Amino acid sequence: MAHTHTSKTDPVTINTEWLSDCSGCHVAIVDMHEKLLNVLETVQILHCPVLTDIKDYPKAKIGLVSGAIRTEHDRHAAEEMRKSCDVIIAWGTCAVYGGIAGAGIVHTQEEIFDTVYGNNKTTITHAAPSAEISPFEQVVTPIDEVIGVDLYLPGCPPHPAFVFDALLTLLEGRAPKATKETVCARCTRTMKRTGVTKIKKNFDGVPERDVCFLSQGYICLGSVTLDRCMSPCPANGTMCTGCAGATMQILTEPNRDIRTEVADRMSRMTSINRDEIISEIEYSAKSHYSYTMAAKMIGKKPTFLINKWIANTEAEYE
Amino acid sequence: MIHITIHDKACRGCQLCLDICPTNVFTFDAAAAKATVAHEEDCIGCLSCSYLCPSGAFRHEEHRIVKNFYRDCEFLSRMEKFL
Ligand code: SF4
Ligand code: SF4
Ligand code: SF4
Ligand code: SF4
Ligand code: SF4
């Protein structure tokens, strides 16, 4: 990996690019308003869809790529970024794991087109657009299966503090530090043993403010999620849905999983049976695994049986 | 000797480490609702506390690292690249 150094005469050049994503990663940076100007003193932003009007890919030291590869255009743009930048950072959950678009792996391209265009109840046109749209690929691919990635920064979006720390890591030639703390580490709720016997849906009742959601019977993914966000959700009264992706122990060990780890902890904090918690998470697996299922580390886990879980859930509806 | 630190601010007070530790290394400070390391010398380095802790609040030093039977080697090679 190439390290870069800054000097007054030679600002560090940066290209950014978005592939299939929600644009949130880029917007989070622009949202910093004048704080962004401090950063602009040390870097020079070249290709950047939200800030500049440069359409080609000038040579740059650092390349931040957000989004997953869903279309042929995404693949082309990712390859151009690799060619033009010395260091590529997979920026945000979409780039690292496939992200929200990655949930598309549980449906065929035909099913998705049919739902979005063919039989969409809220539009009057019933055909997929044919002009000026880049052809879709059959599956959603995290970028590192297509281009070499030097560094990974998950988060949906990663809090700008982490983005700037990542840039400083590179500018100062430091080695990246993968912190293993989870969303719980920055949550301020207290985990208490309770006699709660029933799993609650997110919308059931009003949760207590200072007590951990797991203790209260709500499924919160904070303990299985890497903190790259500063834990805003539990601080604002809602459960973590795991948007920054799983913890290192889940990603590296095929026998560990999101549902089993949450169940291990929650069943000890409450009187709810461990298996019941596992079933509940499988029942809504499309939400609980949506951010990471396109990544091999999660999607190809021998214990990840998404198609079976979806079939079970659908059978219950019928 | 193994050295254990708990990131105090990250501790959610769940006491899961007290439950799981086979050698009763921890005590609980009820007033602060935090776990504390009381008998570090008894730690056998099994890392059960570290795996179960919801926050990832533990740091063990000078313990013998035992490789897990099953690991995703492909992902492990990427781990050091995480920012
Ligand atoms: S990682 Fe999240 S915020 Fe960033 S582009 Fe993807 S969906 Fe949007
Ligand atoms: S599980 Fe959720 S509510 Fe409980 S401590 Fe972790 S982040 Fe906070
Ligand atoms: S859902 Fe979880 S990981 Fe995502 S921003 Fe909220 S607290 Fe952070
Ligand atoms: S398991 Fe972690 S969060 Fe729970 S009491 Fe022990 S150190 Fe604190
Ligand atoms: S590593 Fe094992 S023995 Fe040591 S404190 Fe943790 S649970 Fe106890």
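## Salt bridges first

A salt bridge here is a side-chain nitrogen of Lys or Arg within 4 Å of a carboxyl oxygen of Asp or Glu. By that rule, the count between domain 1 of chain A and domain 2 of chain A is zero.

## Ground rules

This is a predicted model, where local features need pLDDT of at least 70 and side-chain atom pairs count only at pLDDT 80 or more, while totals for chains, interfaces and linings use all residues. Residues are numbered from 1 along each chain as its sequence is written, chains are lettered from A and ligands numbered from 1 in the order written, and side-chain values use heavy atoms, leaving out hydrogens and water.

## Two domains in chain A

Contact (heavy atoms within 4.5 Å) involves 22 residues from domain 1 of chain A and 23 residues from domain 2 of chain A.

The two domains bury about 1,700 Å² between them, with 70% of it on carbon and sulfur atoms; that is accessible area (1.4 Å probe) lost on putting the two parts together, summed over both. On the domain 1 side, Tyr97(A), Val106(A) and Phe162(A) supply 39% of the area buried against domain 2 of chain A, more than any other three residues.

## Around ligand 5

Ligand 5 has 13 residues around it, and Cys21(B), Cys43(B), Cys46(B), Leu47(B) and Cys49(B) come nearest. Being near means having a heavy atom within 4 Å.
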